[in-house]
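Look at the sequence and the model below before reading on.

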Amino acid sequence: MIDGEVGMGGPARIPLRVESYSGYGPDERPVAFRLGERRVTVAEVVDRWYGEDHAYFKLMGDDGKRYLIRQDRGSDTWELVLFEVPPP
């Protein structure tokens, strides 16, 4: 089941506060993020890719859910694009 899609307008995007690891460069990869008041620790970076203006990260959270988040590299803002809840 995929959550986070809203009608024909495309996926809902929710602003996030992200804690990032900065190794060779700033915001190299997310290590945790806040979804409302809840803190989700990144258990695994499943995939990442870069667009012209955004960096995308497909993540497995410590809560067992998969998340797709993106960073607007121009404004350094993050948002939740969608998340997937594993079947029961």
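The points below describe this predicted model. The protein has seven strands and zero helices, where helices (H or I, at least four residues) and strands (E, at least two) are DSSP runs numbered from the N terminus. Its average pLDDT is 85, and 83% of the residues score at least 70; pLDDT is the predictor's confidence in each residue, from 0 to 100.

**How to read the values**

- Residues are numbered from 1 along each chain as its sequence is written, and side-chain values use heavy atoms, with hydrogens and water left out.
- In this predicted model, local features need pLDDT of at least 70 and side-chain atom pairs count only at pLDDT 80 or more, while totals for chains, interfaces and linings use all residues.

**Overall picture**

- From the N terminus on, the order of elements is β-β-β-β-β-β-β.
- Of the 88 residues in the protein, 26% are buried; buried means under 20% relative accessible area, exposed over 50%, and partly exposed in between (1.4 Å probe, protein chains only).
- The accessible surface is about 5,700 Å², and carbon and sulfur atoms account for 52% of that surface. Such areas come from the Shrake-Rupley method with a 1.4 Å probe, and for residues only the protein chains shown count as cover.
- Among contacts with a separation of 6 or more, 26% join residues 24 or more positions apart; contact means heavy atoms within 4.5 Å.
- Over residues 1-9 the pLDDT stays under 50, and the model has 16 contacts beyond four places in sequence for these residues.

**Strand pairing**

- E4 and E5 run antiparallel and are joined by seven bridges; two strands pair if DSSP finds at least two bridges between them.
- Three residues lie between E4 and E5 in their hairpin, and Val45 has Leu59 in E5 as its bridge partner.
- E5 also pairs with E6, again in the antiparallel sense, over seven bridges.
- The hairpin of E5 and E6 has four residues between the strands, and there Gly64 has a positive phi near 85°.
- Six of the eight residues of E5 are buried, so this strand is mostly covered.

**The nonpolar core**

- The largest nonpolar core contains 14 residues, and those with the most contacts inside it are Leu16, Phe33, Tyr67, Ile69 and Leu80.
- Strands E2 (14-21), E3 (29-35), E4 (38-50), E5 (54-61), E6 and E7 each give two or more residues to this core.
- A nonpolar core is a set of buried Ala, Val, Leu, Ile, Met, Phe, Trp, Tyr and Cys residues joined through side-chain atoms within 4.5 Å.
- Beyond its neighbours within four places in sequence, Leu16 is in contact with residues including Phe33, Ile69 and Leu80.

**Arg70**

- Arg70 lies in strand E6 and is the bridge partner of Tyr56.
- Is Arg70 buried or exposed? Arg70 counts as buried because its relative accessible area is 15%.
- The side chain of Arg70 makes polar contacts with the side chains of Tyr56 (3.2 Å) and Glu79 (2.5 Å).
- A polar contact is a pair of N or O atoms within 3.5 Å; within protein, one must be able to donate a hydrogen and the other to accept it, and residues adjacent in sequence count only if both atoms are side-chain atoms.

**Asp76**

- Asp76 sits in the loop between strand E6 (66-72) and strand E7 (77-84).
- Its phi is near 55°, a positive value in a residue other than glycine.
- Asp76 counts as partly exposed because its relative accessibility is 45%.
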